[in-house]
Amino acid sequence: MNKKLTVTVKQTPPLAIEIRGEVITLDAFLKLAGAVETGGQAKHVIQDGKARVNREVCTMRGKKLHAGDVVRYAGQDYHVTAQT
């Protein structure tokens, strides 16, 4: 007896995170966004390849992010926005 399994993926809406200045590092951004609690946690998340920047896995803690970049971590998208 074969049963069909239907999977529905619900995507949470992207969160806009405003940065001060022109750039922010990936590890600092994850902390600012509230995606991680500590810098040490950010370090491990990034080194383990669990964060994506503009759809590509990024393992560089010091990766510089600019307004318009999109970070994805734990199924959540974060849009980097500039302070107005």
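Which residues of helix α2 are buried? Let's zoom in and see. This is a predicted model, so local features need pLDDT of at least 70 and side-chain atom pairs 80 or more, while totals for chains, interfaces and linings use all residues. Residues are numbered from 1 along each chain as its sequence is written, and side-chain values use heavy atoms, leaving out hydrogens and water.

**View 1. The buried face of helix α2.** In α2 (residues 39–47), the buried ones are Ala42, Val45 and Ile46; buried means under 20% relative accessible area with a 1.4 Å probe, protein chains only. Down the helix axis they fall within an arc of 95 degrees (taken from the directions from the axis to the C-beta atoms), so they line one face. Helices here are DSSP runs of H or I with at least four residues, and strands are runs of E with at least two.

**View 2. An open sheet of five strands.** The order is β1-β7-β6-β3-β4, with mixed pairing; two strands pair if DSSP finds at least two bridges between them. At the edges sit β1 (15–19) and β4 (56–57), each pairing on one side only. β3 and β6 run antiparallel, joined by three bridges, and alanine 51 has tyrosine 73 in β6 as its bridge partner.

**View 3. One aromatic pair.** Rings of Phe, Tyr and Trp (its six-membered ring) pair with centres within 6.5 Å; planes under 30 degrees apart are stacked, over 60 edge-to-face, the rest tilted. Phenylalanine 29 and tyrosine 78 have ring centres 6.5 Å apart and planes at 85 degrees, so this pair is edge-to-face. Both residues, phenylalanine 29 and tyrosine 78, are buried.

How values were computed. Buried means under 20% relative accessible area, exposed over 50%, partly exposed in between (1.4 Å probe, protein chains only).
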